[in-house]
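Here's a quick briefing to read alongside the model. Take a look at the fold first, then work through the notes below.

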Protein chains: 2
Amino acid sequence: MTLRVGVIGGGQLARMMIAPAVELGLDLRVLAEAEGMSAALAATATGDYRDLETVRAFVADVDVVTFDHEHVPQEVLRALVADGVSVHPGPDALQFAQDKIVMRKRLTELGVPQPEWAAVSTLAELQEFLDAHTGAGVVKTPRGGYDGKGVRVVRSAEEARDWLDALTDGDALLVEELVPFVRELAQQVARRPSGEVVAYPVVETVQRDGVCAEVIAPAPGASARLVEVAEDIGRTIAEGLGVTGMLAVELFETDDERILVNELAMRPHNSGHWSQDGAVTGQFEQHLRAVADLPLGSTAPRAPWSVMVNILGGPVDGTLESRFGSALAAHPQAKVHTYGKSPRPGRKVGHVNVASDDLDDAVYVARAAAAHFL
Amino acid sequence: MTLRVGVIGGGQLARMMIAPAVELGLDLRVLAEAEGMSAALAATATGDYRDLETVRAFVADVDVVTFDHEHVPQEVLRALVADGVSVHPGPDALQFAQDKIVMRKRLTELGVPQPEWAAVSTLAELQEFLDAHTGAGVVKTPRGGYDGKGVRVVRSAEEARDWLDALTDGDALLVEELVPFVRELAQQVARRPSGEVVAYPVVETVQRDGVCAEVIAPAPGASARLVEVAEDIGRTIAEGLGVTGMLAVELFETDDERILVNELAMRPHNSGHWSQDGAVTGQFEQHLRAVADLPLGSTAPRAPWSVMVNILGGPVDGTLESRFGSALAAHPQAKVHTYGKSPRPGRKVGHVNVASDDLDDAVYVARAAAAHFL
């Protein structure tokens, strides 16, 4: 009778679904890429998520399928749907998270504010776009990029020649205007198959080297209008793209108070980790509720301010565990989340959440606690 | 390098250690009594915790041993300690939770306020105690009782004749005065082997038919003096008995504002479940930190009021899961915790936590959400 939720991918996002699944009484089953991954505790199968028969065998005894990442090929997803499997988010929605050009086209149709963009496949097309946009732009490979990979700021088409040369017939690169943003924001929403949508407060995200480093919830100084516009964008995209589960919308805030959509993720996202300890319903629980088509939980904050700081890399010598003593002793209010990964430069190996009545205090404690692990 | 924590017993308390263990990066391993128990996800062994060789085999690859219950025999515990195993709480502490007469003697030595009591093994001894205490008393079997079992209010020694007749040589029953209490309270503290102790706010517990039904945190209307006295009692017992891990002290509050110790539990306890969602550090995380000798976490409340309501029995027809839709839809701020148990009259199958700025609101929502499962 217990609902079985299958997660394809055994990374930290699947791992962080384990805790709410246990409490909510959902039977979480993970198809991991290998032994010993972050979500190993819930792994019931190991194999290649690109192989249809591997995935078919895994989903044979689950009630609903969801994901740790967006990399499962469309042909696998569509075969599952044809088999009658309940897949959330489904392939029609996931295509927009898998291909940035497809996403830009759809957001244009929906009238969602976004950077000016073009699909380009030749040096001439790219240079023409750059010439029309202050001589600079952001070139992106439409597929497979994450954490700054597959993204390049260029001031001449020549700087993307290698990517253009590597294109096969019919493919294109995405180029976007270089948005003069003052900060980056993120909007989390959840949508369940029956249509209910809930929105979290918009948050500020701080990136370093293309990787999320810190998140402050809610976004400091956000006007009521900004909060409303961000939520509207999140709801419009979730509904317009037919997203089921969590949706993260990464946003630019410009100096003239516009908000433009940067990227999408259709799963729990780093910018929503604060909600584990800072909201009544954390994003991992919310994702499970959404994909299981259970009523969604309150997104109300538990504290005036929540701050998330990533543990990037981990200790240069020793394990995360070797730093627990000092980190926890110094900061009894810090909530440390570990991913069961070996330290490696730049790797996301955990994060720290701190909730507080005082923003400066929350930022200080979260950074200080995370620093114990470096 | 990951610290391996072994839990003897596969019930809901072991189950609720899974979530914080995953986030904190502890490798939780459970010796369950049978297949399919509440903590099945973390079960690495199945067997009888009274059998030394079964327990020895289980603890062979853990770093520290703790418990879901207090029923592991002293001889098994002492054999583990002799083997060099790190056991928390250890047998010297656990004996006080295993035998109520041993506990009463030790609390008397420590000067902790408690009901008047005696160890009695004959009708005459019991009647003498009753005659000296308003003609009534609470008779308890010293070992093995829980949730009202092994406890009987008597107004004549004859009413305990069957228990007295069943005593073997040298054994005794515990009799306590019938305390004219106005309400019941509980004090949670955690103590780690290196000596650090932290205390939670004292809470009010509401029992029905000898079973915990509701908990309100903090105890409404508690004076600063009462909070301090309760905390002092908790610390005195944790230190005096050498407890490691969570300690729950069940208390009577009398109409003349005295606080008397009723029962002890050396593990996470039903009266502390509110802390999962209502405190910065929940009792299950705190227990793991304590037994692993990691620094203890903040016990600060996350909200002015937290209310826990047990789901006792579960649906008379259907499963808990069948009621999820209505319960979660009606109460998006309720946190539902399920134990993976089949419904059965009177059985604890889950609980609901609600945190709120308003006590009446928290009580209403927690009761209403729990009622969906009945």
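Which strands does helix H6 of chain A lie across, and at about what angle does it run to E5(A)? Helix H6 (residues 123-132) of chain A lies across E5, E6 and E8 of chain A, at about 165 degrees to E5(A). Keep in mind that this is a predicted model: local features need pLDDT of at least 70, side-chain atom pairs count only at pLDDT 80 or more, and totals for chains, interfaces and linings use all residues. Residues are numbered from 1 along each chain as its sequence is written, while chains are lettered from A and ligands numbered from 1 in the order in which they are written.

**How the two chains relate**

**The E5-E8-E6-E7 sheet**

- In chain A, 4 strands make an open antiparallel sheet in the order E5-E8-E6-E7 (strands are DSSP runs of E with at least two residues, helices are runs of H or I with at least four, both numbered from the N terminus; two strands pair if DSSP finds at least two bridges between them).
- At the edges sit strand E5 (117-120) and strand E7 (151-154) of chain A, each pairing on one side only.
- Neighbouring strands here are turned by 25 degrees against each other on average, direction ignored.
- Strands E6 (residues 137-140) and E8 (residues 173-177) of chain A run antiparallel and are joined by 4 bridges; Val139(A) has Val175(A) as its bridge partner in E8(A).
- Helix H5 (residues 100-110) of chain A also lies across E5, E6 and E8 of chain A, at about 50 degrees to E8(A) (axes are lines fitted to C-alpha atoms, for helices over the stretch in contact, with angles from 0 to 180 degrees between N-to-C directions).

**Strand E15, covered on both faces**

- Strand E15 (residues 305-312) of chain A has 8 of its 8 residues buried (20 or more other C-beta atoms within 10 Å of a residue's own, all placed from the backbone).
- One side carries Trp305(A), Val307(A), Val309(A) and Ile311(A), and the other Ser306(A), Met308(A), Asn310(A) and Leu312(A).
- Strand E12 (residues 211-217) of chain A runs antiparallel to E15(A) over 4 bridges, with Val215(A) partnered by Met308(A).
- Strand E17 (residues 348-356) of chain A pairs with E15(A) in the antiparallel sense over 8 bridges, and Val309(A) stands opposite Val352(A).

How values were computed:
Contact = placed C-beta atoms within 7 Å. Buried ≥ 20, exposed ≤ 12 C-beta atoms within 10 Å, placed from the backbone.
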